[in-house]
Amino acid sequence: MNKQDLIAAVADRTGMARGEAGAAVETVFDLITEALSRNETVRVVGFGSFTVTRRKASTGRNPRTGEPMSIAASAQPKFKPGKVLKDSCNR
């Protein structure tokens, strides 16, 4: 399922117009993105939690030359599924 399929499914289930459903789906994604950019956790009970994890700077190796290279610190979004979502996948 891609984003357009998701929008169509939301429109079908809610009776919303496809444009309204698209705006609703986009708004949800935007709100999650904004909260994560503020380093907040987004918890959706029964579905899961979106968080931001920090990776420290480290030293790696260039696979082509074998030379050491520095890898900058970064923030990574992370999703942890909730129990209801996990259980629905293991039926």
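Colleague: How far apart are the end C-alpha atoms of helix α2 (residues 18-37)?

Modeller: This is a predicted model, where local features need pLDDT of at least 70, side-chain atom pairs count only at pLDDT 80 or more, and totals for chains, interfaces and linings use all residues. Residues are numbered from 1 along each chain as its sequence is written, and side-chain values use heavy atoms, leaving out hydrogens and water. Helices (H or I, at least four residues) and strands (E, at least two) are DSSP runs numbered from the N terminus, and the expected span of a helix is 1.5 Å times one less than its number of residues. For the 20 residues of α2, that rule predicts 28 Å, and the end C-alpha atoms agree, being apart by 28 Å.

Colleague: Thanks! Which residues of α2 are buried?

Modeller: Buried means under 20% relative accessible area, exposed over 50%, and partly exposed in between (1.4 Å probe, protein chains only). By that rule, the buried residues of α2 are A21, G22, V25, I32, A35 and L36.

Colleague: And what covers the buried residues of α2?

Modeller: I go by contact here, meaning heavy atoms within 4.5 Å. The cover includes α1 (3-14), β1 (42-44), β2 (48-55) and β5 (74-81).

Colleague: In which order do the strands of the open sheet lie?

Modeller: Two strands pair if DSSP finds at least two bridges between them. The sheet has 3 strands with antiparallel pairing, in the order β1-β2-β5.

Colleague: Which strands stand at the edges of that sheet?

Modeller: An edge strand here has a single partner strand, so one of its sides is left without a neighbour in the sheet. The strands in that position are β1 and β5.

Colleague: What angle does the direction of α2 make with that of β2?

Modeller: Axes are lines fitted to C-alpha atoms, for helices over the stretch in contact, and angles run from 0 to 180 degrees between N-to-C directions. Within the sheet, neighbouring strands are turned by 25° against each other on average, direction ignored. Helix α2 packs on this sheet, where it touches β1, β2 and β5, and its direction makes an angle with that of β2 of about 35°.

Colleague: Over how many bridges do β2 and β5 pair?

Modeller: In this sheet, F50 stands opposite F79 in β5, and the bridge partner of G48 in β5 is P81. The antiparallel pairing of β2 and β5 runs over a number of bridges that comes to 8.

Colleague: Which residue takes a positive phi in the hairpin of β1 and β2?

Modeller: β1 and β2 pair in the antiparallel sense over 3 bridges, and the bridge partner of R43 in β2 is S49. The hairpin has 3 residues between the strands, and the one with a positive phi near 90° is G46.

Colleague: How far apart are the ring centres of F47 and F79?

Modeller: Rings of Phe, Tyr and Trp (its six-membered ring) pair if their centres lie within 6.5 Å, with planes under 30 degrees apart counted as stacked, over 60 as edge-to-face and the rest as tilted. The count by this rule is 2 aromatic pairs. For F47 and F79 the planes are at 50°, so the pair is tilted, and the centres are apart by 5.5 Å.

Colleague: Why does that pair tie together parts that are 32 residues apart in sequence?

Modeller: Both residues are partly exposed, F47 with a relative accessible area of 39% and F79 at 33%. The pair ties those parts together because F79 lies in strand β5, and F47 in the loop between β1 and β2.

Colleague: Which residues form the aromatic cluster?

Modeller: F50 and F79 also form a tilted pair, 4.8 Å centre to centre with 45° between the planes. This pair links F50 in strand β2 to F79 in strand β5, 29 residues apart. The one aromatic cluster is formed by F47, F50 and F79.
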